[in-house]
Amino acid sequence: MAQVSLRKIVKAYEGGVQAVKGIDLEIADHEFVVLVGPSGCGKSTTLRMIAGLEEITSGDIAIGGTLVNDIPPRDRDIAMVFQNYALYPHMSVYDNMAFGLMLRKFPKAEIDRRVKEAARILDITPLLERKPKALSGGQRQRVAMGRAIVRDPKVFLFDEPLSNLDAKLRVQMRTEIKKVHQTVNTTTVYVTHDQVEAMTLADRVVVMNHGIIEQVGPPQELYHHPATKFVAGFIGSPSMNFIPARLEQASGALRLHLPHDIVLNVPAARTALYQPHAGKDVLFGIRPEHLTDDKATDKANTAPITLKPDVIEPMGMETLVHFKLNGTEVSARLDPATPAAVGAPLSLIAHMDQMHLIDPTTDKVL
Amino acid sequence: MSATPTSRRDLPGIYSKAGSLRAERRWALIWAYISLIISAAILLMPPVYMLITSFKTSREIADQNGNPWIVRDPTLGNYWALIADPMFQGFFFNSVIITLVVVVLTMVISILAAFALSRMRFWGSQVLATGVFLTYLVPDTLLFIPLYQIVGGLGLLNSIWGLILVYPTLTVPFCTWIMIGYFASIPKELDEAALIDGATWPQMLMKIFIPVALPGIIAATIFAFTVSWAAFVYPTAFITTPDQMPLTIGVVSQLVRGDTFAWGQIMAGALLAALPPVIVYAFLMDYYIAGLTAGATKG
């Protein structure tokens, strides 16, 4: 087991397109790190560079303190789980899992012990003699994980392993992956575009966009203290509302002036922080779960807003309502018991202690 | 609620054919059968005529009376005469040797070339892949002239080894192309998984690609077999004595004595020569089709 270090990693393709633009990242021993971001953000390229499947244009990658820039994948002591499983179709499940060990000339008894132990952990013992085509998607993914586990590598690499599974199986396998990590405790780098997967699995989440790292941190930190507008919008579902506003000073307090003459008081605790931006245009960021019906008992640091819903989506445990505020889409999360009708005024409260202000020129959260 | 303009009843012009799906299918099948029967009749007529003639005596063949499609006095004499003829045995043996060596050579070259061209990214690989296919487009009727010079220069004229040297010019390009298509249909993640599992490139080829691409390899092997077994232009140009002749030219050149055509034996010889490819196709047809269509239908 080992730590992984990326230093000033650049990946440029022919024609000068840079997929990864000089990222730095330290992954600790035993840590579960998730790289998350939209398509084309460079997360998979980064993972493939760690695996040795892509050459790095410049920078250094070290695994367990050893520089691996020029070391081929087979000698990096890593194991990888692919999105489409990449099981060898002509081999049985047992042979798929044993293949890497056979190539490394492990004794037969040791191979057998490891394969059976991995099969037990993953609950695939009855499938060992089957061929991959006789397995379901979830079973195939377990075998792919088994192939990684038997190698007992320094690092596990997962490249969107759940994307080919249906929604229910994805949740189930997510839990399995977390369980396996808790059992084997190997350093893991996991790539996904699904922020829910990132939040639920990671010790630390790395949010990437356009080839750079936007923010690194534990899931809760990213959720509560996003550094940029991109992270604020990417983490959380439905994503954060961004409403153009103006921050004004009024008798020692700060107020946000939103479209439709909505005025919200900024909590006193944030006054000092936002003071330098008084009199400027800002983006008011608030998550749908912090824009709710006014049933809250504790109304400190809340501000009332009345809006007319355009769309109402009952989800069972909650109801999502969507509004248009001067052309900006806004979503709110309501108690399902709250009566709401399209076009009828609905009284909401904004939990201002959960608000964010974003500088529209830099897209940084203030 | 009043009927909307899009309801079926309001648009009889558009939906009038609805419900006639079964009739359409029946007509399509009728036309398919008619076309298939006509093409089968055209294609099968020569071999059937060969078969009928091969069972006739020379006298019956020469007889101008009666229906030529009916055998009046069937005999296996033509077959026995050929099988017992040491010269015919020599033709057969030559064909077997040439085909076996050419097929092995072709498959070794094609698999290695296709693996390199489809998987190992290197400068010029795309141009080379296209070049391989363009080579296939040059007909052997043009190639045999420069090849005659080359084979002559090597002192291999009138030798089956000269044929073994030149047949791969016909087989390698197409087989490489088939194999490129098949290898391209194997997901890239499979070789990446093998690389990470610890495989070297040769191990990846031997333990992953060849077993996975077996249908493609069988298709290419059948193609190489058919081409080398049935080649006519090169042996006609390069071989002059019966002891080095393969079946294709042996049958037509040595069974015509002066202006006497041993039609019964020629037909029997042609049928015997055609038998090995027919047997191979009959057993491996499914693999052949799967191999040829792999590149076209899979990502």
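A crossing of two helices counts as left-handed if the near helix is turned anticlockwise from the far one by less than a right angle, and right-handed if clockwise. This is a predicted model, in which local features need pLDDT of at least 70, side-chain atom pairs count only at pLDDT 80 or more, and totals for chains, interfaces and linings use all residues. Residues are numbered from 1 along each chain as its sequence is written, while chains are lettered from A and ligands numbered from 1 in the order in which they are written.

**View 1. Helices H2 and H3 of chain A cross in the right-handed sense.** Here H2(A) (residues 93–103) packs on H3(A) (residues 108–122) at an angle of about 135°, with the axes 10 Å apart. (Axes are lines fitted to C-alpha atoms over the stretch in contact, and angles run from 0 to 180 degrees between N-to-C directions; helices are DSSP runs of H or I, at least four residues, and strands are E runs of at least two, numbered from the N terminus.) That makes the pair oblique, the word for whatever is not under 35 degrees (roughly parallel), over 145 (roughly antiparallel) or 65 to 115 (roughly perpendicular).

**View 2. Three strands of chain A form an open sheet in the order E17-E18-E19.** Pairing is antiparallel, and two strands pair if DSSP finds at least two bridges between them. E17 (311–314) and E19 (328–334) stand at the edges with a single partner strand each, so one side of each lacks a neighbour in the sheet. The twist averages 20° from one strand to the next. E17(A) and E18(A) (residues 319–325) share 4 bridges, and A:Glu313 sits opposite A:Leu320.
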